[in-house]
Amino acid sequence: MRSPTPGISLSLGAASLVLTYPMSVGADRATIRVLASTDLRTWHDAGPELEALSTESLGDGRSVVTWRVLPPLRDEARFFLRLQAAPR
């Protein structure tokens, strides 16, 4: 089991960029979306530019979700990611 993750992390590995964040397993009334931007003004759903790598239980009602950022977003000179929590 992984140690508890305090927040969001973005890490650069061998030719890949990985986004990791915790989420509550029992939060059935909310969704979490990853949004992307290249200019901080216009945001879009980053789902098509992400590859799901894993969802690992922390054993305390939370899971750690890990995504890989794919081209073409990964190849942009600058890009930004944010999480959006919204009611279902």
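A residue is taken as partly exposed when its relative accessible area lies between the limits for buried, under 20%, and exposed, over 50%. In this predicted model, Leu 53 has a relative accessibility of 36% and therefore counts as partly exposed. Leu 53 lies in strand β5, which spans residues 50–57. Leaving aside residues up to four places away in sequence, Leu 53 is in contact with Val 18, Thr 66, Trp 67 and Arg 68. The C-alpha atoms of Leu 53 and Thr 66 are 5.4 Å apart, while the two residues are separated by 13 positions in sequence.

Strand β3 (residues 30–37) is antiparallel to strand β7 (residues 80–87), and eight bridges join the two. Strand β3 also runs antiparallel to strand β4 (residues 44–45), to which it is joined by two bridges. Leu 35 takes part in both pairings: it stands opposite Arg 82 in β7, and its bridge partner in β4 is Asp 45.

The hairpin formed by β3 and β4 has six residues between the strands. Leu 40 is located in this loop between β3 and β4. Although Leu 40 is not a glycine, its phi is positive, at about 65°. With a relative accessibility of 47%, which is under the 50% limit for exposed residues, Leu 40 is likewise classed as partly exposed.

The peptide bond from Pro 71 to Pro 72 is cis, and its omega is near 5°.

Conventions
Residues numbered from 1 in each chain as written. Predicted model: local features only at pLDDT ≥ 70, side-chain atom pairs only at ≥ 80, totals over all residues. Heavy atoms only, no water. Helix = DSSP H or I, 4+ residues; strand = E, 2+ residues; numbered from the N terminus. Buried < 20%, exposed > 50% of the residue type's maximum accessible area, 1.4 Å probe, protein only. Contact = heavy atoms within 4.5 Å. Pairing = 2+ DSSP bridges.
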